[in-house]
Amino acid sequence: MDKFLNNKWVMKGVAFLIALLLWTVVALDETPETNVSQTEEQMTIENVPVEPIYDEELYSLIEMQDTVQLLLSGRRSLLNASMLRSDSYRIYADLTELEAGEHMVELQHEGFPAEVDVRILPKEIRVVLEEKEARPVQVDIELEGELPEGYTLGKPVVSPEEVHVIAPVSILEQMDAVRGVVQLDESKETIVEEVDLEAIDAEGRTLDVEISPATVEVEVPVTSPSANVPLALNLQGELPDGLSLEEVESNVDEIEVFASEEELANLDQIEQSIDLSEITSSRTLEMDIAQQSAWEKTDPASIEVDVKVGPTRERLFSGLPIEIRGLADEHELEFIDPSSGEISLSIYGTEERVDALSDKDIVVFVDVSDVGTGEHTISATVELPQYLTYSPEDIPLKIKIDERNGQ
């Protein structure tokens with residue numbers, strides 16, 4: 001065995017085997033490094049948005065390149081991850097230290113893995129900043145659509161009437177108006193709504209500006225045809241015994257009725273009924289106007305009626321002459337009973353009204369326009385000032401009508 005190991009050729013062979021093993025180990029260690037270099041690659045991403053960072057309250061960004069190209073270098077796994085999570089990185093232009101004017105700005109990036117090499121094409125972009133200005137502007141309201149036939153529009157009321165438009169001077173110079181639009185849509189009543197505003201140029205194109213406030217409240221009066229109609233108080237029933245009317249007076253004489261023109265043409269008066277049997281003392285009645293289905297509304301919608309009453313007083317008037325009305329020229333009339341052609345009446349009312357009454361305020365007459373010649377019994381008619389009554393209520397008269405002499 002010793003002789004075998006001492007052989008020089010054997011030793012050379014052993015040395016060769018050892019060297020071969022060492023070379024194999026080294027070669028295996030280098031293999032992974034060779035694989036890594038083989039998986040590195042480049043990736044191009046087009047149309048990557050650029051995010052500007054600036055004080056938007058003071059400046060407007062007038063001009064800037066919106067997108068750029070990215071050239072990424074790195075391991076395939078990292079590049080794929082970057083592509084799949086495009087929201088995790090951004091390309092931005094930091095303009096916070098810049099003033100108004102034109103600038104060349106170097107783009108920056110963040111959110112990429114440290115092992116990925118990022119190139120932005122182009123690296124610099126041109127930006128133009130312009131300082132903002134706030135300008136007060138009156139609001140214009142445009143009305144679109146039609147109203148029903150006969151309805152009329154009032155002047156729109158806008159609150160607030162003035163707003164501030166915030167934009168670069170170059171854009172403000174293009175501004176023609178700040179407007180809001182209200183749709184009429186066959187409306188039959190006043191329109192009240194919140195309206196969005198927009199700034200437009202002379203061609204009607206919308207401008208990119210800030211409006212403060214962005215909305216206003218608009219009230220557009222819409223009225224139907226109307227007419228002032230007399231108010232008639234219709235007294236029904238009777239006061240309790242011992243009371244008489246001193247006065248019945250409404251706070252208005254006319255009611256404005258809003259309705260179609262056809263309805264208004266047939267409306268002569270509005271009657272408001274008052275039940276005297278429910279009145280026991282002087283009082284003010286608050287009464288709603290009875291609305292008809294064909295009416296839109298009335299103005300006012302309610303009225304106040306003052307009803308004044310007092311103790312009843314009686315006063316006798318004698319020798320009241322009887323007027324003759326409707327007697328033909330070829331006829332003459334003779335009173336048979338009463339032969340004097342005069343009567344007596346008891347007048348009833350409140351003390352104030354009865355005391356103010358005189359003979360000339362009492363009219364007694366007979367109407368013979370439809371009575372022929374001969375003797376007739378006919379009732380007299382009595383006319384008194386308002387709120388007074390009389391007795392007897394029936395006054396029969398005996399008369400005679402003859403042809404005039406010479407007829």
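In the predicted model, four strands form an open sheet in the order 21-18-20-23. The pairing within this sheet is mixed. Strand 21 (270–275) and strand 23 (295–299) stand at the edges. Each has a single partner strand, so one side of each lacks a neighbour in the sheet. On average, neighbouring strands of this sheet are turned by 35 degrees against each other, direction ignored. Strand 18 covers residues 226–236 and pairs with strand 21 in the parallel sense. Six bridges join these two strands. Within strand 21, glutamine 272 stands opposite leucine 233.

Strand 1 (residues 40–53) pairs with strand 3 and with strand 4. Strand 3 (residues 67–75) runs antiparallel to strand 1, and eight bridges connect the two. Arginine 75 in strand 3 is the bridge partner of glutamate 40. Strand 4 (residues 90–94) runs parallel to strand 1, with four bridges between them. Here proline 52 has alanine 93 of strand 4 as its bridge partner.

Valine 68 lies in strand 3. Its relative accessible area is 4%, under the 20% limit, so valine 68 counts as buried. Neighbours within four places in sequence are set aside in the following contacts. Valine 68 touches Ile45, Glu46, Asn47, Val48 and Val50, among others. Further contacts of valine 68 include Ile91, Leu107, Ile120, Leu121 and Pro122. Glutamate 124 is 56 residues from valine 68 in sequence. In space, the C-alpha atoms of valine 68 and glutamate 124 are 10.0 Å apart.

Conventions. Residues are numbered from 1 along each chain as its sequence is written. This is a predicted model: local features need pLDDT of at least 70, side-chain atom pairs count only at pLDDT 80 or more; totals for chains, interfaces and linings use all residues. Side-chain values use heavy atoms; hydrogens and water are left out. Two strands pair if DSSP finds at least two bridges between them. Buried means under 20% relative accessible area, exposed over 50%, partly exposed in between (1.4 Å probe, protein chains only). Contact means heavy atoms within 4.5 Å. Axes are lines fitted to C-alpha atoms, for helices over the stretch in contact, and angles run from 0 to 180 degrees between N-to-C directions.
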